[in-house]
Each structure stands twice: as C-alpha cells, then as structure tokens.
Amino acid sequence: MNNQDEKSGFDYFEITHVNSLPDGERLFLEIDSLPIVVFNISGEIFAIADTCTHDDGPLGDGEVVDHQVVCPRHGARFDLRTGKALTLPAFENIQTYPVRISDGMIEIGFPGK
C-alpha cells in the first residue's frame with residue numbers, strides 16, 4: 001500500500017509491522033526495482049539503498065557499528081542516518097529514504113510523481 005504525504009511530497013510504502021524488525025536486525029527488499037535495506041538500530045529505523053557508491057556492490061550485508069554500515073568488500077563506511085560516505089574508498093554518499101511509523105507499520109518514502 002502506498003499513500004502520499006501532501007506536506008513532504010513523498011509517497012510512502014508500507015513495508016512491515018515494526019515488531020517484525022527486532023532491534024539489531026535488517027530487512028532486504030526491492031521497491032520499483034530499487035534494492036533497499038531497512039535497519040533497526042536501538043529502536044530507530046533507517047532505510048538506505050543497498051548499493052555501495054564505490055563499486056555498486058551490495059552494502060546491506062556489511063557490519064553495523066553504531067550508526068554506520070561497513071561495506072563488506074572494501075571497508076568503506078557510511079552513516080545510516082545521513083548516507084554520508086565516511087571513509088575511503090567511497091567518497092560519494094549513499095541514498096537514504098525517509099522512514100515513518102504509521103499505525104505500527106514501517107513506511108518508506110520516495111519522492112512523489
């Protein structure tokens with residue numbers, strides 16, 4: 001299900017119930033052919049593109065340290081809150097997506113069409 005937030009201009013897609021993503025876990029999914037990873041870190045939910053900007057490989061299997069995900073191939077680190085590339089070899093930020101909880105459901109936002 002998707003619904004548009006008129007104020008933000010984002011279309012939000014329901015992903016799963018918040019209780020289905022326990023603390024420390026991640027969920028891999030695809031929306032409109034975009035690979036996305038959703039993380040629960042200490043009760044905060046974050047969504048990022050599952051693509052490292054260094055080599056376009058998957059990022060979601062990387063170790064999570066605090067609010068950073070570490071690329072499993074070359075060790076680049078990205079901030080899950082902002083998408084900022086923190087270490088080489090990556091220098092381009094990753095895509096992040098706004099997340100909200102509505103009626104217990106995790107929803108991810110994409111720019112409206």
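Tutor: What follows begins with the nonpolar cores and then turns to the cysteines and the backbone.

This is a predicted model, in which local features need pLDDT of at least 70 and side-chain atom pairs count only at pLDDT 80 or more, while totals for chains, interfaces and linings use all residues. Residues are numbered from 1 along each chain as its sequence is written, and side-chain values use heavy atoms, with hydrogens and water left out.

A nonpolar core here is a set of buried Ala, Val, Leu, Ile, Met, Phe, Trp, Tyr and Cys residues joined through side-chain atoms within 4.5 Å; buried means under 20% relative accessible area, exposed over 50%, and partly exposed in between, with a 1.4 Å probe and protein chains only. The largest such core has 15 residues, and the members touching the most others are Phe39, Ile48, Leu59, Val69, Phe78 and Leu80. Two or more residues each come from strand 4 (34-41) and strand 5 (44-49), and the largest share, three residues, belongs to strand 4; strands (E, at least two residues) are DSSP runs numbered from the N terminus.

Leu80 has contacts (heavy atoms within 4.5 Å) with Phe39, Ile41, Phe46, Ile48, Val64, His67, Gln68, Val69 and Thr96, when residues up to four places away in sequence are not counted. A second, separate core has 13 residues, among them Phe13, Leu21, Ile108 and Phe110. In soluble globular proteins, nonpolar side chains tend to be buried together.

As for the cysteines, a search of the whole structure finds zero disulfides, a disulfide being a pair of cysteine sulfur atoms within 2.5 Å. Cys52 is in no disulfide, and the nearest cysteine sulfur, that of Cys71, is 3.8 Å away, which is too far for a bond. Cys52 is buried, with a relative accessible area of 0%, and Cys71 also counts as buried, at 4% relative accessibility.

The backbone has several features to inspect. Leu88 and Pro89 are joined by a cis peptide bond with omega about 15°, and Pro89 lies in the loop between strand 8 (77-79) and strand 9 (96-97). Asp32, in the loop between strand 3 (26-31) and strand 4, has a positive phi near 50° although Asp32 is not a glycine, and Asp32 counts as exposed because its relative accessibility is 57%. Asp66, in the loop between strand 6 (64-65) and strand 7 (68-70), likewise has a positive phi, about 55°, without being a glycine; at 62% relative accessibility, Asp66 counts as exposed.

Key: Helices (H or I, at least four residues) and strands (E, at least two) are DSSP runs, numbered from the N terminus.
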